[in-house]
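Please read them against the coordinates.

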Amino acid sequence: MTRAPANLMAVRSLLLAHLDLDPTTSRPQDLEPAEVGIVGDASHRGGYHCGSDRVVPGDYSVVESTRDSSGLTLDASGLDVGGFSVKSGGSTHDLRSFSVWCVRQCTAGTADTRDLREIIYSPDGKTVKRWDRLGKRSTGDSSHLWHTHFSFFRDSTKAGRDQTPLFRRYLTEIGLITPPAPEDDMSEKAENEIHQVYLGTFYGGSSMGRVVDPDGAGPAAASNSIVAKLDYLMARLDGVVAGVTTLQGKDWTDEPAIIAGVLAGLSPQRLGEALATAGLTPAAIAAAVPQDMARKVVDELTARLSS
């Protein structure tokens, strides 16, 4: 007997979950379970609503594409969606706008429509149109004035390929499904490369899974996250900023001692790396101190970086 495949049942469940009941109020909406069908009734012969036990000689749902002939099983490979009307995102969405949207995705060739053979629909409730990937037909019978038919290539049904992405994307676009939070797009390879730069800058060698304690207590077990590495870099830069702040509040009578105090403990390599990472230059730092000290600070920083 012709059966409803799991992947199309998943599409059916998705549509009913959001178009049969309002997910925020659980109040009934227009789409009813009986209006979302996969298997044709007992008298149905031929077409995508039938499996191998009900196809007919020369059945267009089998013979017009090798994707269908190679994928023929007892599974039906069609889905009907009946009328509905929902309000979401300040607009009203119904079967007609849904059908037009789906056809537009097929015409654009989006990846989640590649298994769709055809959509038979009405854009206005008056005329029936058909989008056919194979270009065989352009219309359908009048029953499609009040329901939309989707045919999926039988090989995709046989393979059990997930067909929910297109419909989930529609429900998301009209605001019935909240889009998932963006994931961290930093690949493991990219993070490892950044980690190696970090090691070279602050360790000169491998220390996977460890960070330097910015308070000077030495290496400590810690997260290998980028945030931890940036925190350490910022701690270094905070030291430079603190030094500049100290300069601003000092008595300028002992300039060499002040400069030496600010730069104490900063090696040329670490100073240069910290400044370059933060986009700072000796001149920029000098701008934060009184004008009569600027040249001395610039000269000293330049000397340190070139040594």
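1. Helices here are DSSP runs of H or I with at least four residues, and strands are runs of E with at least two, numbered from the N terminus. On that basis His93 belongs to strand β4, residues 91–94. The model is a predicted one.

2. His93 counts as buried because its relative accessible area is 14%, where buried means under 20%. Its side chain comes to 3.1 Å from the backbone oxygen of Ser88. Leaving aside residues up to four places away in sequence, His93 is in contact with Phe84, Ser85, Val86, Ser88, Tyr170 and Ile174.

3. At its start, a side-chain oxygen of Asp94 lies within 3.2 Å of the backbone nitrogen of Arg96. Just after the helix, Gly109 has a positive phi of about 75°.

4. Which residues of α4 are buried? They are Leu95, Phe98, Ser99, Trp101, Cys102, Val103, Gln105 and Cys106. These buried residues pack against β2, β4, β5, β6 (129–132), β7 and α6 (164–173).

5. The largest pocket holds about 440 Å³ of space. Its lining consists of 26 residues, with His44, His49, Asp80, His144 and His147 nearest the centre. By type, the lining divides into eight nonpolar, 13 polar and five charged residues.

6. Strands β2 (78–82), β5 (116–121) and β7 (147–152) each give at least two residues to the lining of the largest pocket. The largest share, three residues, is from β2.

How values were computed: Residues are numbered from 1 along each chain as its sequence is written. This is a predicted model: local features need pLDDT of at least 70, side-chain atom pairs count only at pLDDT 80 or more; totals for chains, interfaces and linings use all residues. Side-chain values use heavy atoms; hydrogens and water are left out. Buried means under 20% relative accessible area, exposed over 50%, partly exposed in between (1.4 Å probe, protein chains only). A polar contact is a pair of N or O atoms within 3.5 Å; within protein, one must be able to donate a hydrogen and the other to accept it, and residues adjacent in sequence count only if both atoms are side-chain atoms. Contact means heavy atoms within 4.5 Å. On a 1 Å grid over the protein atoms alone, a cavity is a set of points where a 1.4 Å probe fits but cannot get out, and a pocket is an open set with protein on both sides within 12 Å along at least five of seven lines; lining residues have an atom within 4 Å of a point. Grid points are joined across faces, edges and corners, and a volume is the space filled by probe spheres set on the points. Ala, Val, Leu, Ile, Met, Phe, Trp, Tyr, Cys and Pro count as nonpolar, Asp, Glu, Lys and Arg as charged, and the others, Gly among them, as polar.
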